[in-house]
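Have a go at each task before you read the solution.

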Amino acid sequence: MGTVINNIDLYFKEYFPDSKVEILKPHFLSDRININIKDYIEVNPAIALALQGLGEGIKEINFLKGNDWKSGLKTLLTSDIASLKDNKPKIKFNTNMKGKIDRVERILIRNIIIVLITAIIYIIGSTLIFRQIQNKISETDDVIAYTNSQWTLANNDDRQIVEKTKDYQKYKLNLENVSSAIETRRSRKNQITTLLNKIVYNIPKEVILTEIKNTETTSGNATVQHITIHAQAEKYEQLAYFKAKLKNANVLENITSTEGQKDGSTVKVTIEGDLKTY
């Protein structure tokens, strides 16, 4: 099956032109030159097969079958490993578990166990940490969802507060208007009382008041109390004196009066003015 190939040295020489290529002879035939080359070429495969059968040698060199990962693994586990320094073996041990375990093998086994324990601890720790991270992420999502819901409720409450504030502002304005109106009425009431007192102290004895009327008029945006007084006397001078007294009393503004009209023995006039506000 190809163990004896004619001119195999020339074949390899084509691929390695710069190297010396020759067929080696077994050391026990080195002093015998007359042996046919094919004879000792057949010896080399026989020796290799014998070593392979004994479980020795390099298993990658296999003339009978192709190499696979199982045979490669088996070769690795049963091969000799040596570290050479100055062509002298420094460390040599055999990974074959047959026989007594030496110091190097114990160190190797101890290191393998340490690596396995470290890997197991790492895997378990990573799994626990991953689960804790997932739990924290889940808790964070719950907190975020709760915060968002509370934020929505707070926004709703804020809108309701704004609406209630608008209502309160409207109620406050209404109360202020009502209070202002009440205060205005109270002030006007006091002003009318003041007006009547001023009339009592300033009216001449000869003047008779037949009517006093209070009417509200609008001047711009303000409401004005317009006072109309109907008075009569025997002489016009007495009515003119009364009008002058009202102006000096400083209770009416924009005072005007009609011309005196003679009615028998009396003179009648109408005095008008706006009630002064303070």
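**Exercise 1.** Find which lysine side chain meets E139 in a salt bridge, and say where the pair lies.

*Solution.* Start with the rule: a salt bridge needs a side-chain nitrogen of Lys or Arg within 4 Å of a carboxyl oxygen of Asp or Glu. E139 pairs with K136, at 3.8 Å from N to O. Helices here are DSSP runs of H or I, at least four residues, and strands are E runs of at least two, numbered from the N terminus. The model is predicted, so local features need pLDDT of at least 70 and side-chain atom pairs 80 or more, while totals for chains, interfaces and linings use all residues. Residues count from 1 along each chain as its sequence is written, and side-chain values use heavy atoms, leaving out hydrogens and water.

**Exercise 2.** Sort the two partners: is K136 buried or exposed, and what about E139?

*Solution.* Take the cut-offs first: buried is under 20% relative accessible area, exposed over 50%, partly exposed in between (1.4 Å probe, protein chains only). K136 has 54%, so K136 is exposed. E139, at 44%, is partly exposed.

**Exercise 3.** Work out how many salt bridges the rule gives, and look at the one D263 makes.

*Solution.* The count is 3. D263 meets K268 at 3.0 Å, N to O. D263 has 44% relative accessible area, so D263 is partly exposed; K268, with 36%, is partly exposed.
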